[in-house]
Amino acid sequence: MRAIVYIDGFNLYYLCLKRTPHRWLNLEALAKAVMPATCSVVAVKYFTARASGRVKPDAPKKQQAYLNALKSTPIVETIYGRHQVSEKWSGLVQPPRFLPRYPVPSGITLDVAKVWKTEEKGSDVNLGVHLVRDAAKGFFDVAGVLTNDTDLCSAIEMACTDFGRAVHLLAPTSNPATSLVNVATSVRHVVPYIGPSRYFPDPVILPGSGKRIIKPTTW
């Protein structure tokens, strides 16, 4: 059973990897582990966007190291959308909570704050288009889609009902969106398969060039 795994990089990072030691993750190893044993993973498509340095100046350099490491796995293809970072007014939960912890002085009420809002544009559209196109062309028998983005419901449903493909929802959260669960063939949870056994080595040696890719020290 030929399988292609489609990874929503934004959901993978923010629901599984942020503030964890797991960011040096080999996506090919993860895909092969999480898909059913009857599948042969022939491709992994990773949908992401270039990090902005506006909030964290070192973010683009760290991300580039990871993108370079992915080049050591030939079946992984990276497809880019774009990041949009903007300042937005946002309402605060009550009572407000801050990191690092900061006590609000007695008698002062904080209702809204201006925050950085990071949005990834185009990745969900790219993933949906690739999934439907690949299903229509018969590039896979089974697909895995790692996301919790309900905008992808129609694409998953179309791959299943219009083209007769099995699509497993690879859930990055213990409580995946009901609308995604309803259109997918099955649900397989990702987190139990993420761990040191599926990290890249450090350093990664790129085939051909022999270039050494070193994991960022803060990872």
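In the predicted model, helix α5, which spans residues 153-161, has as its buried residues Cys153, Ala155, Ile156, Ala159 and Cys160.

The largest nonpolar core comprises 33 residues, among which Leu27, Met35 and Tyr66 touch the most other members. At least two residues of this core are supplied by each of β1 (2-8), α1 (9-17), α2 (27-34), β2 (40-48), α3 (59-70) and β6, and α3 gives the most, with five residues. A second, separate core holds 24 residues, including Ala43, Leu127, Val145 and Ala184. When neighbours within four places in sequence are left aside, Tyr66 is in contact with Arg23, Trp24, Leu25, Leu27, Tyr46, Phe200 and Trp219. Ring pairs also join Tyr66 into a cluster with Trp24, Tyr46, Phe200 and Trp219.

The count of aromatic pairs comes to ten. Trp24 and Trp219 form an edge-to-face pair, with 6.2 Å centre to centre and 70° between the planes; this pair links distant parts of the chain, since Trp24 lies in the loop between α1 and α2 and Trp219 in the segment after β10 (212-213), 195 residues apart. Trp24 is buried, with a relative accessible area of 2%, and Trp219 is likewise buried, with a relative accessible area of 16%. Another edge-to-face pair is formed by Phe98 and Tyr102, at 6.1 Å centre to centre and 85° between the planes. Here Phe98 is partly exposed, at a relative accessible area of 30%, whereas Tyr102 counts as exposed at 52% relative accessibility.

Key. Residues numbered from 1 in each chain as written. Predicted model: local features only at pLDDT ≥ 70, side-chain atom pairs only at ≥ 80, totals over all residues. Heavy atoms only, no water. Buried < 20%, exposed > 50% of the residue type's maximum accessible area, 1.4 Å probe, protein only. Helix = DSSP H or I, 4+ residues; strand = E, 2+ residues; numbered from the N terminus. Core = buried A, V, L, I, M, F, W, Y, C linked by side-chain atoms within 4.5 Å. Contact = heavy atoms within 4.5 Å. Phe/Tyr/Trp six-rings, centres within 6.5 Å; stacked < 30°, edge-to-face > 60°.
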